[in-house]
Structures are given as structure tokens and as C-alpha cells.
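Reader: I would like a close look at a single part of this model, with the terms spelled out as you go.

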Amino acid sequence: MAVASSSDVAILALGVVLAAAYLFRDSIFSSSTPKAVLVTPSKFANGHGNPRDFIAKMKEGKKRLIIFYGSQTGTGEEYAIRIAKEAKTKFGLTSLVCDPEEYDFENLDQVPEDSCVIFVMATYGEGEPTDNAVQLMENLTDSAFEFSNGQHRLEGLKYVVFGLGNRTYEHYNAIARQVDAELTKMGAVRIGERGEGDDDKSMEEDYLEWKDNFWPAFAEALGVEEGQGGDTPDFAVTELESHPPEKVYLGELSARALTKTKGIHDAKNPYASPVKVARELFQVGGDRNCVHVELDIEGSGITYQHGDHVGVWPLNPDVEVDRLLCALGLYSKKDTVINVDSLDPALAKVPFPVPSTYISVLRHYIDISAVAGRQILGVLAKFAPSPEADAFMRNLTSNKDEYAAVVTNGCLKLGEVLQLAASNDINVHPTPQNTTAWAIPFDIVISSIPRLQPRYYSISSSPKLNPTSVHVTAVVLKYESIVNKLTAPRWVHGVGSNFLLNIKHAANGEIAAASEELEHVSLPAYAIEGPRGAHKTEDVYKIPVHVRRSTFRLPTNPKSPVIMVGPGTGVAPFRGFIQERVALARRTIEKNGDDALADWGQISLFYGCRKSTEDFLYKDEWPQYTAELKGKFTMHCAFSREPPYKPDGSKIYVQDLIWDDRKNIADAILNGKGYVYICGDAKAMSKAVEEVLARILGEAKGGSEADGTAEIKLMKERSRLMLDVWS
């Protein structure tokens with residue numbers, strides 16, 4: 001063993017002394033002056049003790065209105081904000097606009113007597129609440145749920161309901177009606193009539209008609225008079241003379257996209273997905289398009305399941321961006337950097353990232369391609385460049401029949417209405433020389449036009465066969481407007497699907513079929529390279545996307561029979577369903593041999609299109625799937641514009657094929673406990689299919705169609721009949 005030297009001992013002793021001095025420094029070196037103690041402010045000190053307490057926020061902000069919105073795509077929130085703005089303008093009343101999933105409802109009974117609760121509620125899916133309103137609905141409908149009064153009662157609570165729905169769906173405005181019924185049952189008092197907006201016709205017109213009757217009843221109930229408010233702006237727009245260019249949003253959808261940093265990809269941070277494949281599904285050279293796009297998600301962290309939806313973030317076409325820049329007199333300074341500040345953050349949040357530029361806001365962030373709303377035209381009338389333009393705008397605002405005939409039937413966007421009002425020609429490409437400038441403050445434009453939203457498509461692939469890609473099947477929306485006294489019929493193009501068509505053309509080096517008509521603005525072009533060219537790398541284009549989860553799923557047990565009905569692009573999710581089953585079949589056969597699928601349930605797909613030679617989607621794939629599923633997959637096709645026809649000469653649709661196969665369908669549903677899935681048009685197809693299913697089941701049960709309808713209802717409640725439909 002080594003022996004320590006005297007120097008080692010001295011060093012060790014010094015170390016012990018210094019350590020002791022450090023440990024007891026407060027006692028050794030303390031003075032007679034007591035130490036100052038830093039007190040961390042209590043989380044209750046600033047009035048925000050419980051961030052989920054809306055009553056405390058109402059009182060702190062001196063707000064008499066609280067508005068809860070149930071919204072899946074942003075429309076419900078948009079109308080909630082509009083109500084809040086009108087209450088402020090008309091009566092000087094400020095509101096708290098709330099996402100219900102961010103608050104608790106035990107103290108709903110504590111809303112002051114001079115206040116009011118407004119519910120703006122969308123109905124989603126099969127009469128379901130939107131995702132953010134699930135807890136609210138559970139609290140309202142659960143009789144065991146107690147408010148702070150120890151009861152499930154809301155005596156005297158003043159409330160308002162405006163619902164958002166679509167009459168083509170069975171459960172039209174079911175959630176708004178349920179909220180109204182439950183509140184009444186608990187002793188609450190409704191102000192005015194319940195409003196119901198119908199997206200199938202005109203949500204905007206339904207809202208305008210409702211609010212015109214609602215506000216007088218509101219004023220009487222709350223004891224307020226119109227004229228106490230003021231026409232105050234929501235935002236302050238400032239032009240910035242100098243700002244670091246790399247910190248300016250030129251179309252980026254998130255801070256991570258701007259700074260090129262990694263993070264989770266979702267609706268708040270979409271992923272710029274490289275386009276692996278983009279091809280035409282319809283007959284080449286026809287007058288219609290359907291685009292198949294394969295999006296590369298490898299390395300993105302994005303996962304999906306069959307039946308999910310992909311949100312595609314489009315941008316506005318160049319012509320509409322130029323049109324509004326010219327109409328607003330901003331074309332010469334379109335690249336000027338601007339900042340936007342909210343003058344009332346509780347009421348109006350800045351709807352897009354800032355700082356940005358005028359052109360970026362119009363191209364990427366607000367929905368300038370939508371049909372112009374009647375209410376915004378009234379707001380803009382006072383900025384008219386001439387008495388004639390002012391009269392034009394006020395006539396459209398005050399005369400809803402004129403508005404319907406000119407704007408709705410003409411499918412006129414805001415820029416086009418401004419041009420028509422000023423007697424400009426909307427059929428030529430807009431320039432500062434041929435477009436009259438209006439002195440409309442940009443803050444009003446931002447306040448009046450909603451955020452550009454993603455377009456959702458049913459994913460047409462399965463991760464079991466395509467783990468690194470998401471497939472999209474999109475029919476390109478193009479239709480003629482209705483002739484009116486101001487505009488001749490012209491082509492109207494959907495924003496999202498034509499954006500995808502542009503991507504397909506560019507990715508394949510194609511020239512658009514109607515390019516010779518560009519002078520007359522009949523085919524929209526898009527800045528598909530993206531902000532700063534970020535959406536193009538060499539010859540590969542990228543599309544910002546995110547995945548939205550769905551409950552539209554196959555039964556987990558392959559022994560259960562499956563019936564799928566999907567004409568047109570309604571077949572998209574069922575391509576994913578079949579791929580899912582093919583992947584399972586491959587594993588099962590590999591493990592158990594060729595007879596492994598013998599006890600599987602039959603899978604039937606009812607598909608329809610115009611002609612087998614024109615628009616039969618994925619025509620070459622279905623036989624391959626049939627072979628791999630060993631006879632367990634059967635496809636029934638209805639071609640409405642080719643023989644055979646019905647004996648009376650009328651067309652054959654999917655519901656006719658379902659009736660022809662009624663014996664097998666009834667057996668699969670009633671005896672096999674099978675599952676039914678319907679995807680596609682809600683207005684006609686979905687209803688017709690449900691009606692024929694009700695007839696089949698009623699007949700099979702030895703009863704009437706009413707008995708079949710009851711069976712349909714039971715299947716929906718048990719998630720054995722599921723719909724993914726749109727209008």
C-alpha cells in the first residue's frame with residue numbers, strides 16, 4: 001500500500017476546510033441585515049387562477065357575452081366571431097369567444113343575469129358534435145352532471161343558438177337542436193328563435209335572415225339600445241420599411257416552415273410532401289379530369305390508417321390574386337412587408353402568421369376565391385370609387401334576390417364584384433390599367449374574408465401496402481355558372497382540385513389542354529413553386545399536407561361481411577380498404593396456406609361511373625385485388641351512360657345494383673352481422689342507397705320499409721353502417 005506524503009495531507013486538509021466554509025457560508029458570513037426573500041407571484045395573483053374558468057375571464061374583461069363555438073373546419077368559429085363583432089358594433093358589448101374544449105362548465109349557472117351565452121354549433125358526421133364540442137355536449141346531456149348549484153339546472157340562463165348544418169344529411173342541425181332542447185329542459189331561457197344555417201343552399205343567407213330578426217329580441221332581453229357601439233377596426237395594418245427578409249412569411253404556414261426546423265406535422269404545421277406520382281385517371285383528352293397523386297411521407301413522422309383524410313393546403317390562383325391587388329390599388333406595392341396587430345385579441349386573432357406581404361396574404365392566407373358574401377358588400381360600399389359603384393353595391397346588399405341572381409348564380413368572387421361595380425371587364429386578365437382601384441383599408445379585407453382552409457380528401461391507399469406514401473383521388477371541379485344580366489356563363493374552377501391539376505401538369509411536363517384560352521382566364525394557374533421556391537426541388541414538386549383521423553374503418557375481424565358503396569371518387573377510401581385486406585390476406589396465406597381465407601366474409605363493392613371506357617377509376621387494379629383475395633372480393637359496376645339500361649330506358653345506378661343483389665345483402669347484414677360503408681354524394685346517392693337498404697331489410701324481416709329503416713338506425717348506432725359523404 002502506498003504511503004501518503006506530508007504535502008498530500010496538507011492539500012487534503014485544505015480541501016476539507018474550504019468545503020466546510022462553503023457549506024456553512026450563510027452562517028459564517030451573514031450580516032445583521034436579514035436576507036431579502038424573493039416571492040414567486042402566485043398563479044392566482046393575476047386573476048387567471050383557473051385558465052378554464054370562463055366566468056372569471058368574463059368578469060375580468062367586463063364582458064357580457066360569451067360565445068361558444070363547435071367547429072370542425074373553422075366555419076363555426078367564423079360565425080361566432082361575426083356575432084361578436086356585430087354585438088360590439090351595434091351595442092358596444094364586448095364578447096368572450098371560446099373554444100368549448102378549453103373550458104369547464106360546472107359554473108355555467110353563474111353567468112350574470114345581465115349577460116348571455118351564445119352557442120354556435122355545427123353538426124358533424126352522423127348527427128355528432130364537432131371534436132371540440134364533445135365534452136360540452138356530454139355535460140349538457142348528462143342528467144348526473146351537476147353545476148355549481150349542486151343541480152343539473154340552469155334556471156333563467158339567457159342563451160342563443162345558431163346551428164350550422166346541411167339539409168342533405170339525415171341529422172340536419174341535430175347538435176344545435178339538442179343544445180336548445182337540453183337548455184330549455186334545464187330552465188334556461190332562449191332569446192329569439194333558434195337559427196339554422198343550411199350549407200346545401202346558402203349558409204350566408206340563412207345567417208343574415210336569422211340575425212336581422214334576432215338582434216331586436218336580443219336588445220330587448222338585455223336592455224340595450226342599438227347605436228351604442230361604433231364601427232371600429234379589428235386590426236391595425238402597418239407597412240414596415242425594413243425587416244429581415246428571412247423573418248417575413250411569404251406563404252409559409254408555420255414558424256417551423258419559415259425557419260426550416262423539425263417538428264410534429266399536423267394542421268398547425270403541415271408537411272411539404274414531395275409528389276412521387278401524379279397521373280390522370282380519366283380518359284386522356286376528355287373534358288373532365290380526375291387526378292391520382294401519391295404523396296411521399298417517408299421521414300416526416302406522419303402516420304395514417306385506411307379511411308383517414310388528408311388535408312391539402314392549396315393557394316389562390318394567380319388571376320384572383322392579381323385581380324384583388326389591382327382592385328385594392330396595391331399592385332405596385334404587392335411585395336411591401338406589412339405587420340398586422342389585433343386591436344382586440346380576445347375577439348379577433350390575427351388569422352395568419354406575420355409579418356407578411358400584401359401578395360402573400362392574398363395568395364396563401366385568405367379565401368379570396370370564394371363567392372363574395374352579401375354582408376361584406378355592404379361594408380365595402382362606402383369605399384366605392386363612384387356614385388354608380390356605390391349604388392351597385394348597395395343594391396346587391398339590400399336586395400337578396402338580385403344578389404342571388406348576380407353573385408350567387410354568377411359565382412362571383414370579391415374581386416370580380418368590385419370590377420363589375422366599377423364597370424370593368426372581368427373576362428380579361430386584370431391589370432392596374434383595366435381595373436379601377438378602391439380605397440378599401442386592408443384591415444377591413446382581413447376582417448371580412450375568412451382564412452383559406454385545407455381541402456380534405458379521403459385517403460385512397462392503405463399503409464399496409466403503402467407505408468411511405470399517402471394517395472389522393474381528386475375529381476377536378478369545373479362547372480359553368482348560371483347566366484344573368486351582367487355575366488355570360490363561364491367556367492368556375494374549384495381551388496383545391498385545380499391546384500392539384502396544376503401540380504400534375506407541372507410534375508409531368510404537360511401543357512394544359514386549354515392553354516390557348518388563358519387570355520380569357522378560363523384555366524387558373526397557381527404559384528406551385530411555393531414560398532421562396534420551397535415547394536420545388538429540381539423536378540419534384542411538394543404539397544403542404546396533414547392527416548386528419550377518421551373512424552371510417554373496416555371491422556377488425558375479416559370474417560365479417562363487408563358491403564361498400566362508392567360511385568365516382570367515393571371509391572377512394574375503398575381502394576384503401578381493399579389494399580388493407582389484400583395485405584392481411586398475403587400474411588394469412590403465407591402463414592396458413594392457400595385455403596386460409598375460406599372462412600373470411602364476402603367483400604362487395606358497388607361502384608358507378610359514366611362509362612367503362614371513360615371514367616372507370618383504377619380499372620386495371622380491381623382484377624388484381626380479386627385474384628389476391630381468392631374470390632372473397634366481388635365488384636358490381638353501374639355505368640350510367642352505356643348499356644344495359646332499364647327496360648324503360650332510364651340509367652342504372654349503384655342503388656339499382658344493390659336491389660338486384662338484395663338476397664345476398666340481406667343475408668350478409670342480418671345473418672352475417674355485416675358492415676355497410678357508403679362514400680360519396682350526400683344529396684342524392686347516399687339517401688337513395690339508404691332507402692333501398694331499408695326496403696331490402698324490411699322485406700327480409702317480413703315487415704315494412706319502416707322496419708328496415710329502424711334496422712338502419714340500429715346499425716348506425718352500433719357503427720355497422722358508416723358514412724363518409726359530402727354535398
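Is the crossing of α9 and α10 left-handed or right-handed?

Author: The model is predicted, so that local features need pLDDT of at least 70 and side-chain atom pairs count only at pLDDT 80 or more, while totals for chains, interfaces and linings use all residues. Residues are numbered from 1 along each chain as its sequence is written, and side-chain values use heavy atoms, with hydrogens and water left out.

The crossing of α9 and α10 is right-handed, a word used when the near helix is turned clockwise from the far one by less than a right angle, left-handed being the anticlockwise case. Helix α9 spans residues 318–327 and helix α10 residues 358–365, helices being DSSP runs of H or I with at least four residues, numbered from the N terminus. Their axes come within 10 Å and cross at roughly 135°, where axes are lines fitted to C-alpha atoms over the stretch in contact and angles run from 0 to 180 degrees between N-to-C directions. The two helices are therefore oblique to each other, since angles under 35 degrees count as roughly parallel, over 145 as roughly antiparallel, 65 to 115 as roughly perpendicular and the rest as oblique.

On the α9 side the contact (heavy atoms within 4.5 Å) is made by D318, V321, L324 and L325, and on the α10 side by Y358, I359, L362 and R363. These residues divide into six nonpolar, no polar and two charged, with Ala, Val, Leu, Ile, Met, Phe, Trp, Tyr, Cys and Pro counted as nonpolar, Asp, Glu, Lys and Arg as charged, and the others, Gly among them, as polar.
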